[in-house]
Each structure stands twice: as C-alpha cells, then as structure tokens.
Amino acid sequence: MQTEGRVRIPGVLWFSLRAHWASGLLPLAFLTEISRTAIAFAAAAFVAGAVLDWTGSSRRGWHRAGFFLLATGAAAAAADLFFGSGDLLASVVLLVLGVQSVKFLLPKTHRDGWQLCAISFLEFLAAAATTTEIQFAAFLFLFLGLSAGAMWALQAEEAAEAGGIAVPRTRAGFTVLTLLLTAVTGFCLTAVMFAVTPRIGIEQFLRRSGNRGGITGFSDAISLRDVTSVKVDRRIVARIEFPELAPGVSPPELHLRGGTYTRFDGTKWKRGRSLHERVQKAGSYYLLSAQKAAPLSSAEILMEPIGYSVLFVYPGTVSVEGALGEIRTDGRGNYRLSAGKSAVRYQVHFAPGGSPPRIRSYGPGGATLALPPGSDDIRELAMQVTSPGESDAERGELARQFFLSGFRYTLTDVASSVQEFLFRKRAGFCEHYAAGLTLLLRAAGIPARVATGYLGGEWSDVGKYLIVRQSDAHAWTEGWIGGRWVTLDATPPLGEDSPFFARMGRIGLYLDWAKQRWNKYVVNYSLQMQAKAVSGGWFALRRSATGIRRAIRRPDGQVARVAAAFVLAVAAFLLAWRMRGRRTSPFPRGMRKEDVPLSRPYARLLRSLSAGGHRRSSGTPLEDMLSEAAGKIPSLLPDAARFLSLYHRDRFGPGPLSSGESAEAGRLANLLRRGLFRTDAN
Amino acid sequence: MKNLLRALRLPRKLRVTFPGKWFLVLTVGVGVAAINTGNNLLYLALSMNLSLIILSGILSEWCLRGLRVRVGHVSEAFASRESLLSVTCSAESKRFPAISVSVSPGIPGAGKPARFPEIPPGGADTRVVPYRPGHRGPVPAFACTVSTRFPFALFEKSAEVTPLESSLIVYPEPGDPDVAPPGRDMGDHAGGKAARGREGTSIRGVRDHIPSDPVRDIHWKASARLGKWMVKEREAEPAQGIDLLLPVPSPPQEFERLVSHACASVLTCERQGVPYRLRVGDRVLVSPETGGRRRKALSILARVTADGSLLPGEKGEGL
C-alpha cells in the first residue's frame with residue numbers, strides 16, 4: 001500500500017489519524033464564534049484530501065495552488081482582524097484554518113502528519129480559550145482517543161519506514177479496544193491531573209464575552225416599561241447551593257438582591273450615589289456588615305455570564321467569600337465587581353431575617369423619604385392606609401397588605417405611572433408594586449427604596465440547589481424599620497401556577513446538575529478548593545486512623561481485631577494468588593515449554609487440526625498433521641504445499657520471510673483452517 | 001563499585017524523540033498560557049497532555065515488560081567475516097502484545113537492530129541481523145537493548161535484557177586456503193569413513209539442529225525422542241587423513257596466524273571429506289572418530305590460547 005511513494009497505514013489507524021486531523025474543527029464549530037464559512041471550507045478540504053489520500057492520487061503541481069490558497073487565508077485573517085471582528089484569536093484561528101486546508105489537500109509526508117496533529121491541537125486550544133460549555137468535556141474525550149490513535153498511527157508508520165518493512169496490519173478489534181481503553185484511562189488521568197495541578201496566579205474571572213444584554217432592572221435606572229421579554233426568558237442565570245440554611249427558611253422565598261434605587265423622579269428609579277467605596281477585605285472574605293444576627297446561613301452562588309457587573313447578595317449579607325477582585329459599593333446595598341460579563345462563583349454568609357447593622361453605619365438618608373412633586377394623593381392614601389399602625393413595623397405591614405386586595409398582577413395591560421397604578425388601573429407587575437409600596441412608605445414617614453434581583457426559581461432535587469432563571473427577575477421594597485432595612489414584597493406570589501414558572505423535567509434536572517458540577521468543579525476550580533480538598537482529605541484520614549485505632553484498642557474491640565486480621569489475611573492471599581499468576585499455556589497441545597512458541601496463525605491452525613482429530617504427539621510435526629488432513633481434500637493440497645514451504649522457511653530459516661510472504665503464510669493458514677474446519681463440520 | 005552503580009542504574013532509559021520534543025514544548029506553552037489566563041479549560045488541555053505522557057509511559061512499559069530475547073547464530077560466525085545472528089523475541093508470559101519493538105544485541109560487530117512490528121501475547125518472532133565479529137573466541141555475556149517508541153512516538157523507552165541461553169562463539173578467521181595446513185599426513189589410520197557433511201548416502205549419526213540446516217535433514221524420530229531438533233549426519237567416501245598441529249606455547253601473533261590457517265584447513269578438510277586430527281601441543285583434541293567433529297574443531301580453535309589452554313565455551317563444552 002503506497003501513497004506518493006510512502007507507506008500507508010492500514011485499517012483503523014488510518015481512519016483514526018484522519019479523524020484526529022479533523023477533530024479540531026468540531027469544537028471550533030460548536031463552541032466558538034469562528035466563521036462557519038471558514039470551518040466549512042476546511043472540512044471540505046479535509047474530505048477532498050482524505051479521498052485523494054485514499055486513492056493515492058498524484059498531486060503534482062498542487063503546491064502552487066496551495067500557495068495561492070494560503071495567501072487567501074492570510075488575507076482573510078488580516079481582513080477579519082482589521083475590518084471584521086478585531087479579535088486577534090479569531091484572526092489567528094482563521095489563518096490556522098487556511099494552513100490546515102492547504103495541508104489537507106496536498107500529499108502528506110510523515111512530518112506533515114505531525115504538523116496536522118499540532119494544528120488540530122491548536123484549534124482545540126482555541127476552543128478551550130473561548131468557551132466554558134460542558135460540551136467541551138465530550139470533545140476532550142473524543143480528542144484524547146483520537147490523539148492516541150493518530151500518534152499510534154504515526155509511530156507505526158515511522159517504525160515501518162525506519163525498518164524498511166510494511167506497516168503491520170493491526171487487528172481492528174484490538175486497535176479499537178486499545179484506543180477506547182486509552183481514551184477512558186486518559187480521561188480519568190486528565191481529571192486527576194486537573195485536580196492536582198496547582199492553580200498558581202489563577203484568576204477566577206473567565207475572560208469570556210457575554211452575549212447577553214443587561215438584565216432588566218440591574219442597570220443604573222429602572223422604569224415601568226414592558227418586561228414581558230424578561231419574564232418569558234427561560235435562560236438560567238444562577239445556580240445556588242445552600243450549605244447552611246437556618247431552620248424555617250425556604251430557598252425559593254429568599255430575595256437575591258442585585259441593586260437598590262432610592263431616587264424617583266416620577267418616571268424612573270435611579271441609584272442614590274456613585275459606587276466609589278471599596279469593600280473591606282480579610283483574606284478571601286469581603287466584609288459587608290458587622291455580624292450580629294445568628295444563626296447565619298450560607299449560599300454558594302454560581303452566576304452565569306451576564307451583561308452587568310453586579311454582585312448579587314441576599315438581604316442581611318454579612319460577608320462574601322471568593323476571589324472576586326475589587327468590590328465597590330455606594331453604601332446603600334449596591335455592589336459592583338471590577339469585571340463584568342463573566343461567570344463567577346462565590347459564597348454568601350447572610351442572616352435571613354434582614355440586614356444587620358453595617359460596619360460603617362449609613363442611615364437611610366433623606367433621599368429615601370423623598371416623593372416626586374405632585375404626590376399629595378399618595379400622602380393622603382398613605383395616611384388612610386397606615387394610620388391604624390402604631391409603629392413603623394405595623395405601618396409598613398399595613399401598607400404591604402394594602403396591595404393584597406383590589407390589585408391584579410399583569411404584564412399586558414399595565415399602568416404607565418405609579419399614580420395610575422395606585423388610583424386607577426390597579427394592575428401591573430412587580431415594579432409597579434415595588435414603586436407603589438415604596439412611595440406609600442415614604443409618604444407615611446418610613447424611609448424606603450426599591451430593590452431588584454431575583455425571587456423564586458426551581459429547586460433541583462437531583463443536585464439540591466436552586467435554579468434561577470432570568471424570568472425570575474423581580475423588584476420589591478426595602479423599608480428602614482427598627483434601624484435596618486427590611487424586605488417588604490407587595491407583589492402577590494405567583495408560585496408554580498404562574499405562566500412564567502419554568503420546570504425542567506427529570507432528565508433536564510440531571511443535565512442541569514451535570515452543568516452545575518462542571519461550572520463548579522471545572523470552570524471555577526481554584527487554589528482554594530484544592531486547599532480545602534487537601535485539608536479535608538487529611539482530616540478524614542486522621543479521623544479514620546483514629547477511629548480504627550480506638551476500635552482495636554477498646555476492651556470490647558474483639559470483633560474489630562478479628563475483622564482487621566481477616567482483611568489483612570484476605571489481602572495477603574490475594575497478593576499471593578496474584579503473584580502466582582494464572583497463565584494459560586501459549587503453546588498448543590503437543591508443544592513443550594522449551595519449544596519456540598508458534599505465531600498466532602500457525603498456532604490456530606495447529607489447534608484446529610488437533611480439534612479435527614489429527615492429534616499432535618511427539619515426533620508428529622505440523623506438516624505430517626496437515627498432509628494427513630489435507631490429503632482427504634485434494635482442493636486444499638496446493639495451498640497446503642505452498643503453506644508448508646513458507647512455514648519451513650519461517651520457522652527454520654535460513655532467513656525470515658518478507659512481510660508479503662509472512663502475510664501470505666498467515667492467509668494460507670487461515671484458509672486451510674477454515675477449509676478443514678468446514679469439511680469436518682460437514 | 002561497578003555493581004553498586006549497576007544497582008543504582010535506572011531500569012529503563014528514556015529518550016525524547018523529535019516529535020516528543022515538540023510535544024513537550026507545546027505542553028509547556030499551554031501550561032504558561034493556563035497560568036497566565038487562569039482559564040481552567042486550558043488547565044484541562046494541559047492535563048490532557050500530561051495524561052498522554054503518563055499513558056505513553058504505561059503502555060510502553062506494558063509493551064516491554066515480560067519480553068524475552070534469544071540470540072543465536074544463523075550461520076557459523078568467523079572473525080572478520082560477514083555472518084548472521086538470529087534474534088528471537090518472545091512474549092510468552094505477556095498478555096499485552098509487544099508492538100514496534102527493536103532489539104539490538106550488545107555485541108561489537110552486530111549491525112542494525114532487529115525490528116519486530118508486533119509480537120502477539122504468547123507468540124514469538126525471529127529476525128536475522130548481520131554480524132561481523134572482530135576476533136575469535138567465545139562472546140562474553142552481553143545484554144540486548146530492547147526499545148520501543150510505542151504507543152505515541154514521543155519517547156523511546158529502552159531496557160537491557162539478558163538473552164536466554166545465548167552462548168555465542170566466533171570461530172577464527174580462516175586463513176589463506178592455499179597455504180598448507182600445519183602438521184603432516186596422518187595416513188588412513190582412522191580406518192573408517194569420515195564425515196562429509198550431508199553429501200553421502202548412509203547416515204553416520206545425528207547432531208543438534210542449527211537454523212541453516214534444511215528441513216529434509218531433520219531426523220524426526222531422534223528429535224521426538226530427545227525433545228529437540230536433531231539433524232542427520234551422513235557418511236562420506238573414505239579419504240586420506242591429515243594431522244593439524246598447533247604448537248604451544250607460541251608468540252601471540254604467530255599463534256593467531258597458525259590458528260587462522262588451522263581453521264582454513266579444518267574447513268577445507270570438512271568440505272573435501274578428508275579425515276583429520278587436531279592437536280594442540282601434544283594433546284589430541286579432535287580425532288576423526290569424534291562426533292560433531294567440525295563444530296568441535298572450530299570451537300577449540302576459537303577458544304584455544306597461545307599457551308595451549310582453552311577458554312570456557314558453549315554449554316557442555318570443555319576439555
């Protein structure tokens with residue numbers, strides 16, 4: 001099998017090598033934003049090149065055309081860099097695709113084979129640098145198996161070229177099994193290596209461009225506009241685990257706050273002041289408030305990339321743990337991260353009851369009592385609603401209960417202003433309720449502000465975490481009651497009956513669980529997690545050792561002692577049995593250990609002959625057995641004669657058979673075996 | 001000290017191949033990129049490369065472990081003459097095939113390594129390598145270097161294996177056959193027929209099989225009885241015998257010349273079927289009646305020293 005004067009790898013390895021060359025295109029196509037046209041062109045070049053390689057077509061003069069194609073690829077990459085995406089990585093990938101396409105089409109030397117493997121790996125790296133999707137794990141497994149096959153193929157080719165012999169025919173079953181085992185073992189080893197490789201100087205933020213726009217309600221200003229598109233958006237924005245949760249607290253009922261708004265000009269809510277203050281940090285902890293309320297709960301939040309650099313916390317958050325860089329705040333419940341549009345993971349320690357006192361004490365401020373001009377009707381309404389209350393807490397609760405009757409939740413026919421919502425239409429969505437309640441509280445003399453974030457979500461029984469979607473975006477009111485901000489939500493609960501509630505189904509929950517684990521343990525894997533795992537393992541080991549020691553030393557630890565002795569005995573027996581080994585004889589019946597063992601086709605033929613009644617005994621060589629067996633079938637005699645001639649030369653010299661003769665001997669042995677076996681069966 | 005150093009030596013040697021060097025450079029590059037960016041998926045790619053390196057080590061170890069090597073003569077080896085060595089590599093006790101293995105006998109004069117594309121578990125394969133020994137004598141104990149680039153050609157792992165039952169001996173370089181052999185005509189005192197290879201008609205005896213013997217000379221019954229391959233030795237026509245004498249002690253250079261001529265004489269006698277007697281000093285070491293005379297005579301010529309003593313030789317051989 002020669003291609004362009006070069007030995008060609010037979011069988012599975014040939015396909016494995018080709019598949020590896022093209023495998024870099026798959027993650028590029030499915031996980032990145034690289035030009036589909038360029039990828040399709042490279043794929044077409046791959047198919048054409050593979051066909052040409054298979055048929056052994058001569059491609060004299062194609063190098064000139066290759067040069068032209070290469071120049072075109074370089075020009076496309078430059079154009080993309082300067083006039084298109086402007087992304088250096090994307091442009092480099094375009095250039096690499098051009099080079100790869102040319103190499104696909106041209107005849108390939110051994111060195112070209114390695115270069116194409118390297119190109120495929122570079123494409124794989126490009127995909128790794130631009131994605132965080134879990135599908136990458138599947139591509140990794142595929143790439144690993146195909147890499148093993150490709151390098152095996154190139155190694156076999158190289159060995160054959162060095163030895164001046166034909167590339168040995170690999171058995172398809174053995175090759176596939178070996179590659180599969182290699183891929184599985186390699187995948188496990190990769191996981192281990194990934195876990196133990198120290199994360200030196202790692203950044204927690206992945207520099208991945210978010211494709212999503214800012215989520216409604218998390219910009220610097222919010223208004224009573226149409227939010228239907230947000231409410232029907234089923235994309236997942238966060239997955240939240242609760243390692244510690246105070247009794248009686250239900251995760252879907254917790255308000256995850258992204259921002260607060262104090263200034264209202266009659267149409268829009270705006271933030272009170274700029275976020276200029278840096279949050280204090282102690283180690284990996286960010287101190288948001290002085291801890292007072294107990295017991296604390298904790299939530300591990302895994303935010304998907306969003307279009308805004310907001311730090312979401314629960315009301316009552318005391319501290320945040322994570323490698324988040326610099327966090328800035330305005331002292332009014334707004335926190336901003338230094339980098340946005342990134343997946344981020346952190347842990348929040350909070351008091352579910354509400355905000356504890358702050359480290360730097362901020363009062364509610366005058367802005368939280370301000371009403372827009374022309375709010376006399378609101379003041380009158382507030383007086384009517386809250387006058388029975390004797391304290392701020394009672395007045396606040398009365399104001400909240402005011403919205404429980406006579407108001408209706410809708411996204412379609414909504415009021416365009418707070419006055420219209422309160423006095424005429426009485427229909428709106430969460431922002432209307434939040435704005436109405438906030439103004440009522442202010443009119444009643446209670447400082448209040450609007451808060452936005454997420455409420456609700458789907459609890460996953462599979463992974464024991466809360467799945468929060470964009471449709472769970474919400475707005476509510478926070479009132480300054482009893483010296484702290486208290487959450488007051490006037491929006492009627494929608495629950496699972498809501499048309500906006502999204503449920504996944506069992507399979508979906510499992511898939512999302514896999515994605516959550518991927519994000520937690522792969523995408524956001526950190527040095528801190530490594531340290532925790534090491535210390536956890538060490539403590540577990542010490543605990544186990546201490547437990548075993550105590551169990552054995554106890555006066556009543558007879559059972560433990562016997563069990564330990566039994567385990568040791570079993571281990572010793574297994575070790576001895578393993579060392580003894582259980583080997584099946586590689587020699588067919590009649591052969592002795594001193595003999596040089598037969599190669600596989602000969603041994604199989606000998607076994608078949610023995611099975612057919614032509615028993616091997618001392619002094620009865622293969623030729624006698626074969627002559628006796630083949631003598632009954634004249635049609636096999638020429639093949640038997642030719643086989644014996646090759647067999648004698650192979651076994652007894654003077655020189656080894658050539659690869660062609662060796663293949664012929666094997667083929668004849670199999671032919672004779674099948675012929676004799678068929679006859680015997682008949 | 002040597003033993004200590006040998007004990008401290010690593011059981012395997014590793015050489016990085018050209019593609020392997022590039023692979024390592026690429027791996028280091030990915031590592032630097034991963035550290036620089038903190039991208040965990042780049043760490044994953046780095047881990048994949050590291051796992052491939054580990055897998056390469058495991059698979060190549062499976063490939064090499066349990067291999068046995070036998071080295072033997074395909075043809076008689078004479079000093080300064082081309083000959084052939086058979087290298088048999090067997091995987092009798094293995095469960096994993098040996099793939100892309102090359103064996104190079106650690107003997108001066110052994111040519112290219114023997115390459116074995118695949119040896120199935122329980123199987124064996126034999127290759128022939130050229131051999132041009134420098135001087136006569138038994139080949140001292142040697143090790144074979146068994147190496148493989150399987151599976152990924154990133155590294156070449158090699159191990160030193162001591163061949164099984166390899167007792168090689170190099171016969172002296174045959175001198176000029178025109179020069180008369182030392183000694184004198186010993187007449188037909190042998191009173192019988194001398195061996196003439198296999199050209200005669202009646203069987204004189206049997207001897208051990210060597211790889212260059214044709215199959216038709218195998219004595220099947222004797223082989224079956226003795227459990228090893230035996231070939232027939234045939235009688236030849238009676239011929240006049242000669243006496244080959246090696247005077248000892250002799251100056252080393254002169255002695256080598258005499259040995260060389262004696263070797264040429266033995267070969268000539270064997271070819272022509274002339275009975276002969278080989279004497280070293282006053283000792284008769286080979287007589288016309290000796291079984292396996294040719295081999296014995298050549299072996300003695302290979303092992304004899306200038307003071308008349310014989311170096312230990314192949315198994316069972318001695319004075």
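In this predicted model, pLDDT stays under 50 over residues 315–319 of chain B. The model has four contacts for this stretch beyond four places in sequence. Where pLDDT is low, predicted coordinates should not be read in detail. For chain B, the average pLDDT is 80. A score of at least 70 is reached by 84% of its residues. For the complex, the predictor gives an ipTM of 0.70 and a pTM of 0.69.

One residue of chain B was examined individually. B:Arg15 belongs to strand β1 of chain B, which spans residues 13–16. B:Arg15 has 11 other C-beta atoms within 10 Å, so it is exposed; the cut-off for this class is 12 or fewer. Its contacts, leaving aside neighbours within four places in sequence, are with B:Phe155 and B:Glu156. B:Ser158 is 143 residues from B:Arg15 along the chain.

Chain A has 682 residues, and 40% of them are buried. Its secondary structure comprises 20 helices and 22 strands. Consider contacts in chain A between residues at least 6 apart in sequence. Of these, 76% join residues at least 24 apart.

Helix α4 of chain A covers residues 62–83, and helix α5 of chain A covers residues 88–105. They pack with their axes 8 Å apart, at an angle of about 170°. This angle makes α4(A) roughly antiparallel to α5(A), because the class takes angles over 145 degrees. On the α4(A) side, the contact residues include A:Trp62, A:Leu69, A:Leu70 and A:Asp80. On the α5(A) side, they include A:Leu88, A:Leu94, A:Leu95 and A:Val102. The contact of α4(A) with α5(A) involves 15 nonpolar residues, six polar and one charged.

The second pair is helix α1 (residues 12–23) and helix α8 (residues 172–196), both of chain A. Their axes cross at roughly 35° and come within 9 Å. A:Val12, A:Leu13 and A:Ser16 of α1(A) make the contact with A:Ala172, A:Thr175, A:Val176 and A:Leu179 of α8(A). Five residues of this contact are nonpolar, two are polar and none is charged.

Chain A also contains an open sheet of four strands. The strand order is β5-β18-β21-β22, with antiparallel pairing. Strands β5 (255–261) and β22 (484–488) of chain A are the edges, each pairing on one side only. From one strand to the next, the twist averages 40°. Strand β21 of chain A, residues 473–481, runs antiparallel to β22(A). Five bridges join β21(A) to β22(A). A:Trp480 stands opposite A:Trp485, which lies in β22(A).

Two helices pack on this sheet. Helix α11 of chain A (residues 392–402) touches β21 and β22 of chain A. The direction of α11(A) makes about 150° with that of β21(A). Helix α13 of chain A (residues 430–443) touches β18 (448–455), β21 and β22 of chain A. The direction of α13(A) makes about 10° with that of β21(A).

Conventions
Residues are numbered from 1 along each chain as its sequence is written. Chains are lettered from A and ligands numbered from 1 in the order in which they are written. This is a predicted model: local features need pLDDT of at least 70, side-chain atom pairs count only at pLDDT 80 or more; totals for chains, interfaces and linings use all residues. Axes are lines fitted to C-alpha atoms, for helices over the stretch in contact, and angles run from 0 to 180 degrees between N-to-C directions. Angles under 35 degrees count as roughly parallel, over 145 as roughly antiparallel, 65 to 115 as roughly perpendicular and the rest as oblique. Two residues are in contact if their C-beta atoms, placed from the backbone, lie within 7 Å. Ala, Val, Leu, Ile, Met, Phe, Trp, Tyr, Cys and Pro count as nonpolar, Asp, Glu, Lys and Arg as charged, and the others, Gly among them, as polar. A residue is buried if 20 or more other C-beta atoms lie within 10 Å of its own, exposed if 12 or fewer, and partly exposed in between; C-beta atoms are placed from the backbone. Two strands pair if DSSP finds at least two bridges between them. pLDDT is the predictor's confidence in each residue, from 0 to 100.
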